[in-house]
Structure formats: structure tokens, C-alpha cells
Amino acid sequence: MRFVPHVVAWNLTRRCNLECAHCYIAAGPRETATGELDTAECRRIADEILAVNPTPLLILSGGEPLLRPDLEELAAHAAAGGATVVVGTNGTLLTDQRIAALKAAGVRGVAVSIDSLRPTYHDNFRHGKGSLAATTAALGRLTAHRMDFIIQTTATKGNRTELAGLAAWAAEQGAVAFNCYFLVATGRGAGLSDLAPLEYEAVLGDLARWERQYRGRMLVRAKCAPHFMRLVHDTDPDSPVLNYETRCPCGVQYCRITPDGQLTPCPYLPEAAGDLRRESFAEIWREAPLLRRLREGALGGKCGACEYRKLCGGCRARAYATQGDVLAADPSCVYEPSPGAAVFEPRQAVTYGAEFTPGLKWDAAARARMARIPSFVRAVVMQRVEEYARRHGKREITPALLSEVRGALPVDFSKKRPFFVTDV
């Protein structure tokens with residue numbers, strides 16, 4: 001099968017203790033558990049995902065997933081089956097006891113949302129007085145428990161000037177990644193004013209610079225803005241970012257499960273490809289007309305004519321939100337294609353999600369370690385390990401060599417096990 005669900009985002013609930021202005025599923029305190037998949041249904045679906053991909057990255061989110069009392073049970077079940085499990089949370093409920101329970105369940109990391117270091121902005125944006133203080137306090141607890149975390153920020157007109165400071169602050173806190181999200185007009189986010197295309201371009205240029213600045217210390221990524229790859233391609237063609245699949249992964253290598261069991265191409269594209277209460281994950285993933293259209297259809301408008309279409313392709317969720325067509329042009333991009341220009345090919349081999357054919361000998365224990373790495377980055381990691389081995393005259397990959405590679409990195413991963421291993 002050409003298309004593998006490397007990453008599955010799972011909105012376990014619409015319940016939330018906050019009511020964020022941009023929430024794509026309009027979660028909040030007034031929501032109830034009515035209609036949510038129960039524990040047994042979630043366990044079954046997790047098994048069905050693992051039957052299609054034995055080592056996915058599974059993102060358990062909400063609403064606020066910590067409001068589900070079975071979160072640790074579900075995480076443990078998926079982790080035991082081979083998934084790399086992470087949790088997306090607003091961070092306000094991360095007590096020492098809950099962090100310890102998540103870690104014991106096999107959760108490898110936590111994604112925490114912070115949109116400003118100004119309490120007036122962050123708390124108002126998330127409709128929760130004291131939420132910034134509660135979330136930042138949780139970062140200290142995560143560090144104490146040696147639980148990896150990433151900082152997620154949604155770029156808006158209100159925090160545009162803060163983004164450089166937020167990235168620097170995230171690095172100082174010890175975040176393994178800073179993810180900058182760009183608004184898709186869905187859920188409550190449909191009522192917000194988005195950045196103009198020229199502002200998108202400016203922020204993406206900043207992110208490309210910060211990706212270089214923090215490389216080896218913290219990942220910096222743009223989310224829901226594939227045109228980030230055009231800027232990286234032009235300004236930093238040797239960037240490790242370009243090792244990965246650069247087109248929007250929506251419905252191709254990525255999907256989302258809603259609280260009531262609908263499978264959609266991504267969290268920001270609400271159109272259902274199928275109902276997991278009626279069909280298996282494999283049936284929907286392999287046969288759903290919506291997913292097939294995303295994989296096989298021709299891009300429309302300037303995205304279809306753009307010479308960067310193999311590197312970018314535009315955000316499919318934003319195209320759907322603004323034009324009702326998953327293959328339409330992404331209106332957030334300022335770039336205008338050059339008529340008749342040759343299509344740009346990636347300057348380096350794209351190893352995201354690829355199978356890797358070893359060029360060196362790997363002993364059984366080293367192979368077993370690689371088997372635990374999420375499928376979407378395994379080839380990248382193995383390739384870099386072999387490059388390191390050749391530079392140092394090694395002919396066989398062993399656990400000792402893997403430890404040597406890890407210790408040679410700018411970040412001491414012997415003390416900090418990253419769940420985002422894309423720079424290993």
C-alpha cells in the first residue's frame with residue numbers, strides 16, 4: 001500500500017475546561033460525554049490502526065483529553081501495541097500525579113499550547129483566567145518528571161510580534177519543538193480574522209530562519225502552511241526539514257478521529273471519510289472516496305500550476321474551509337507561479353515514511369531499537385546512523401554505536417529521550 005497512516009490525531013472528547021477562541025471542534029465546559037466512543041470502542045479502533053501501521057505516532061487530544069478518566073488506559077493499550085503515544089493538552093490540568101500516570105502508561109511526550117506570554121492575551125484567547133500561569137507551571141513539572149514537551153502556538157494578528165520571543169522562550173524552557181500553527185477557518189476559528197498572505201510569508205520566513213538558529217537544540221516547524229517548504233527550499237536547501245514529505249499530509253499520511261468515531265483527513269478538515277463505528281479503520285483508510293481524491297486528484301488553481309507543487313501543494317484543509325473543495329488553491333499563499341516554469345524537485349531524497357534498505361550490517365538488538373521508532377521517521381534515523389558510522393569507519397551498527405551517535409548530538413539525548421526524533 002503506497003499510503004500509510006504514519007500519524008493519527010485522535011480527538012477523544014469535546015469536553016474542555018477552557019473555551020479557546022480558535023478551537024476547531026468548538027470544545028468547551030458545556031460539552032458532555034454523550035456520543036463519545038467508549039473505552040472498548042477506543043481499544044478496538046487502536047488495534048485496527050496498529051493492524052494497518054504497527055508503529056504510528058498517535059496523538060491523543062481533545063477538547064481536553066485529561067478529562068477522560070480512561071486516558072491512561074487507552075495510552076497504555078496503544079503503546080503496548082507499538083504506537084508512539086503523545087498527548088495534546090492545554091496544560092492546565094497537568095499535576096504531578098497525572099504526569100506520573102501518563103509516563104507510567106507509556107506516553108512519550110506532551111504538546112502544550114501557549115499563545116502569548118502576556119496573561120491578558122493568552123487567558124482571554126483561551127477564555128480561562130489564570131490559564132497561562134497554570135500551563136507554564138506545568139512545564140516545570142514535566143521537566144522534573146523528564147517528560148518531553150513541545151510548545152504549540154497559533155499565529156494571529158494579536159501575537160505576531162511575540163513569535164520570536166515565544167520561540168526563544170520555548171527553547172529556554174527545554175521544549176523539544178516549537179510548532180507554529182496557522183489558522184484554518186473551521187469550528188470557532190471560522191469567526192477569527194486570519195493573517196493576510198503577505199503576513200503569512202513574513203512569518204514563514206521568520207520560522208525558516210529560526211529553524212536554522214535552533215537546529216540541534218529545538219525543532220521549529222510551521223503547521224498548516226506547507227508553503228514553509230518553498231522558503232526552506234530557497235533559503236536553506238541542505239536543511240533536514242527537506243528530508244521529509246513536504247506536501248500536505250492530509251488524508252495521505254495523516255488522519256484524524258473525532259470523539260464520536262468519524263475519520264476525517266485531518267483535524268482541520270471536518271468532512272468525514274467514514275464512520276469507525278460502522279467500518280474498520282483499514283476499510284476507510286484504503287477505500288474512502290474522499291481520501292482517494294486527496295491522493296489521486298489534481299490540484300486546482302495556482303496550486304496546480306505552481307512549480308513548487310511537489311514541495312508544497314498548499315493546505316488542503318484551508319482550501320476546503322474557504323472554497324469547499326479539498327483540491328482548490330490555498331488562498332493564504334502570496335506566491336504567484338511562473339508560467340511555463342519547470343516543476344521543482346526536492347534537492348535531496350525524501351525519506352519521510354520510506355522503507356530503508358541498509359547499506360551496513362545491523363545486529364539484531366540495533367534493529368530492534370529501530371523497530372520502536374515511529375514509522376514516519378525510521379528511514380531518516382537509520383540513514384543518519386549509517387552516515388555517522390561511515391564517517392567514523394564503522395562497518396556494523398550495534399546498540400553501542402547507537403548510544404555513541406546519540407551522545408554526539410548537540411542535545412544530550414542520553415539524558416533526554418525525545419519523542420520527536422526527526423533530528424536524531
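Trainee: What kind of link do the side chains of Glu72 and Arg98 meet in?

Mentor: Side chains of opposite charge can pair when their charged atoms come close. The side chains of Glu72 and Arg98 meet in a salt bridge, with 2.5 Å from N to O, where a salt bridge is a side-chain nitrogen of Lys or Arg within 4 Å of a carboxyl oxygen of Asp or Glu. Because Glu72 lies in helix α2 (residues 71–81) and Arg98 in helix α3 (residues 96–104), the pair ties together parts that are 26 residues apart in sequence; helices (H or I, at least four residues) and strands (E, at least two) are DSSP runs, numbered from the N terminus.

Trainee: What should I know about the model and its numbering before going on?

Mentor: This is a predicted model, in which local features need pLDDT of at least 70 and side-chain atom pairs count only at pLDDT 80 or more, while totals for chains, interfaces and linings use all residues. Residues are numbered from 1 along each chain as its sequence is written, and side-chain values use heavy atoms, with hydrogens and water left out.

Trainee: Is Glu72 buried or exposed?

Mentor: Glu72 is buried, with a relative accessible area of 15%, and Arg98 is buried as well, at 18%. Buried means under 20% relative accessible area, exposed over 50%, and partly exposed in between (1.4 Å probe, protein chains only).

Trainee: Which residue forms a salt bridge with Arg30?

Mentor: Arg30 pairs with Glu19, and the closest N and O atoms are 2.4 Å apart. Both residues lie in the loop between β1 and α1, so the pair ties together parts that are 11 residues apart in sequence. Arg30 counts as exposed at 66% relative accessibility, whereas Glu19, at 18%, counts as buried.

Trainee: Where does Asp330 lie, the partner of Arg318?

Mentor: Arg318 forms a salt bridge with Asp330, the closest N and O atoms being 3.3 Å apart. Arg318 is in helix α12 (residues 316–323) and Asp330 in the loop between α12 and β11 (361–362), 12 residues apart, and both residues are buried.

Trainee: Which residues do salt bridges that share partners join into one network?

Mentor: That network holds Arg15, Glu36, Arg68 and Asp70. Arg15 is found in the loop between β1 (7–11) and α1 (39–52), and at 18% relative accessibility Arg15 counts as buried. Not counting residues up to four places away in sequence, the contacts of Arg15 (heavy atoms within 4.5 Å) include Glu36, Glu64 and Arg68.

Trainee: How many salt bridges are there by this rule?

Mentor: The count comes to 23 salt bridges.
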